[in-house]
Amino acid sequence: MKIYIKFLVNNFVKSLLFVTAIMLCLVFILNLLTELEFFKDKNIEIVLPLILSFLNSPSMIFDMFPFIFLISTQLFFIKLFQNNEIEIFKYSGLKNINILTIISVTSLVLSLLISIFFYQFSSNLKNFYLEIKSKYTNDGKYLAVITNNGLWIKDKINNSNLMINSSEVEKDFLINNFITEFDNNYNVVRNIRSEKINIKNKKWIIYNAKIYDNNNYEVKKNFELDTNFNYERIQKLYSNLSSLNITQLLELRENYKKLNYSLTEINLQLFKLASYPINLLLMTIFSFLIMLRTKRLTNTTFQISIGLFFSVIIYYFNNFFFVMGNAEKITVTTAIFTPLLILTLINSTLLNKINEK
């Protein structure tokens, strides 16, 4: 490897590690404050909020990497400007496009590593975080999961414990259902079988319910059952998909298909992960070009402020399309790739006469 390439790569990686470390410390402190607020009325040791803050921080850092790459690229160029190293490279025949190529390749490699390995690490920690914290929430007694055998719901309401299994979700209805009701000692009270249940509200309407009590059964046309779940709540079973790694996401997607469940949210997450390296690469290139356009500004704080201003705009722009995609107002591919396409067009425009900057 040529000396100048090694120099540029090392300095870029150092800037990235520095910014990541700063962000991680800030995120950890904010998480700790949040956990302390959550546990303020509970008798727990201080070590628990510390552990939860640590487990939750990597997942948040993963979502912040586009801005970490942007700020890291800015700091990288500020150092080059301050030491006049950019001019030295220019006089040595190394053009701006060459520097951009080196930094872009480095950024792409790091982005792939982050998307594959860091996401796996952060999602596993996030999963541990949710498992631990769920024991201290009011929803700890409720559970709903999707497996190869359909939708399973564990619910506790009044003095009853319900175990519900359904093979399919069809709009506001559960199809092909079997419900077992237990008392507080988990003795079977009764079993209910029904082909169709209306779950629009938390008071379910069970059509043609066949209710088994010991060895006898009776059929009720419209049997009502109180639960803690409705269609909206079931739709948000995995609202925090960041706790699932890629393998788990693909497995969950297959289970969703078998259950006739909406794939929109999980498809968005998968497309987001697939396009994440490109997103980080485009943010690096954008930051590079912005720094070249503003290199005559001597106030580094103002330069970084410009980058932060654009990063906020990009964040809300991406979030707008993501929300639109999640609400199924636009397609998943449009929601994910439109912001990337627009950023690519902006970068292409800024690339004009790059070697003259």
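Me: Is the crossing where helix 7 passes helix 8 left-handed or right-handed?

Reply: Helix 7 passes helix 8 in a right-handed crossing. Please keep in mind that this is a predicted model.

Me: At what angle do the axes of helix 7 and helix 8 cross?

Reply: The axis of helix 7 (residues 264-293) and that of helix 8 (residues 300-326) cross at roughly 160 degrees and come within 12 Å. Helix 7 is therefore roughly antiparallel to helix 8, since an angle over 145 degrees counts as such.

Me: Which residues meet there?

Reply: From helix 7 the list includes Thr 264, Leu 268, Met 283, Phe 286 and Ile 290. Among their counterparts in helix 8 are Gln 303, Ile 306, Phe 310 and Phe 322. By class, the contact of helix 7 with helix 8 has nine nonpolar, four polar and two charged residues.

Me: And helix 4 with helix 7, how do their axes cross?

Reply: Those axes come within 9 Å and cross at roughly 150 degrees. That makes helix 4 roughly antiparallel to helix 7, and helix 4 passes helix 7 in a right-handed crossing. On the helix 4 side the contact includes Asn 96, Ile 103, Ser 111 and Tyr 119, and on the helix 7 side Gln 269, Leu 273, Pro 277 and Phe 288.

Me: How many nonpolar, polar and charged residues does that contact have?

Reply: The residues of the contact of helix 4 with helix 7 divide into 15 nonpolar, seven polar and no charged.

Me: You listed Tyr 119. Is it buried or exposed?

Reply: Tyr 119 has a relative accessible area of 2%, which means that it is buried, the limit being under 20%. Tyr 119 lies in helix 4, which covers residues 96-134.

Me: What is Tyr 119 in contact with, apart from its neighbours within four places in sequence?

Reply: Its contacts include Phe 62, Ile 114, Leu 241, Asn 245 and Ile 246, and also Gln 269 and Leu 273. Leu 244 is another of the contacts of Tyr 119. The C-alpha atoms of Tyr 119 and Leu 244 are separated by 9.3 Å, although the two are 125 residues apart along the chain.

Me: Back to helix 8. At what angle does it pack with helix 9?

Reply: Helix 8 and helix 9 (residues 332-350) pack at about 155 degrees, with their axes 8 Å apart. They are therefore roughly antiparallel to each other, and their crossing is right-handed.

Me: What about Phe 320 and Phe 321, how are their rings arranged?

Reply: Phe 320 and Phe 321 also form an edge-to-face pair, at 5.6 Å centre to centre and with 90 degrees between the planes. Phe 320 is partly exposed, with a relative accessible area of 48%, whereas Phe 321 is buried, with 14%.

Me: Which residues form an aromatic cluster?

Reply: Phe 12, Phe 76, Phe 77 and Phe 288 form one.

Me: One last item. What is the phi of Asn 176?

Reply: Asn 176 has a positive phi of about 55 degrees although it is not a glycine. Most residues other than glycine have a negative phi. Asn 176 is placed in strand 4 (residues 173-182) and is partly exposed, with a relative accessible area of 36%.

Me: And what is the phi of Asn 208?

Reply: Asn 208 has a positive phi of about 50 degrees and is not a glycine either. Its place is in strand 6 (residues 203-213), and at 52% relative accessibility Asn 208 counts as exposed.

Technical notes: Residues numbered from 1 in each chain as written. Predicted model: local features only at pLDDT ≥ 70, side-chain atom pairs only at ≥ 80, totals over all residues. Heavy atoms only, no water. Helix = DSSP H or I, 4+ residues; strand = E, 2+ residues; numbered from the N terminus. Buried < 20%, exposed > 50% of the residue type's maximum accessible area, 1.4 Å probe, protein only. Contact = heavy atoms within 4.5 Å. Axes fitted to C-alpha atoms, helices over the stretch in contact; angles between N-to-C directions. Parallel < 35°, antiparallel > 145°, perpendicular 65-115°, else oblique. Left-handed = near helix turned anticlockwise from the far one by under 90°. Nonpolar A, V, L, I, M, F, W, Y, C, P; charged D, E, K, R; others polar. Phe/Tyr/Trp six-rings, centres within 6.5 Å; stacked < 30°, edge-to-face > 60°.
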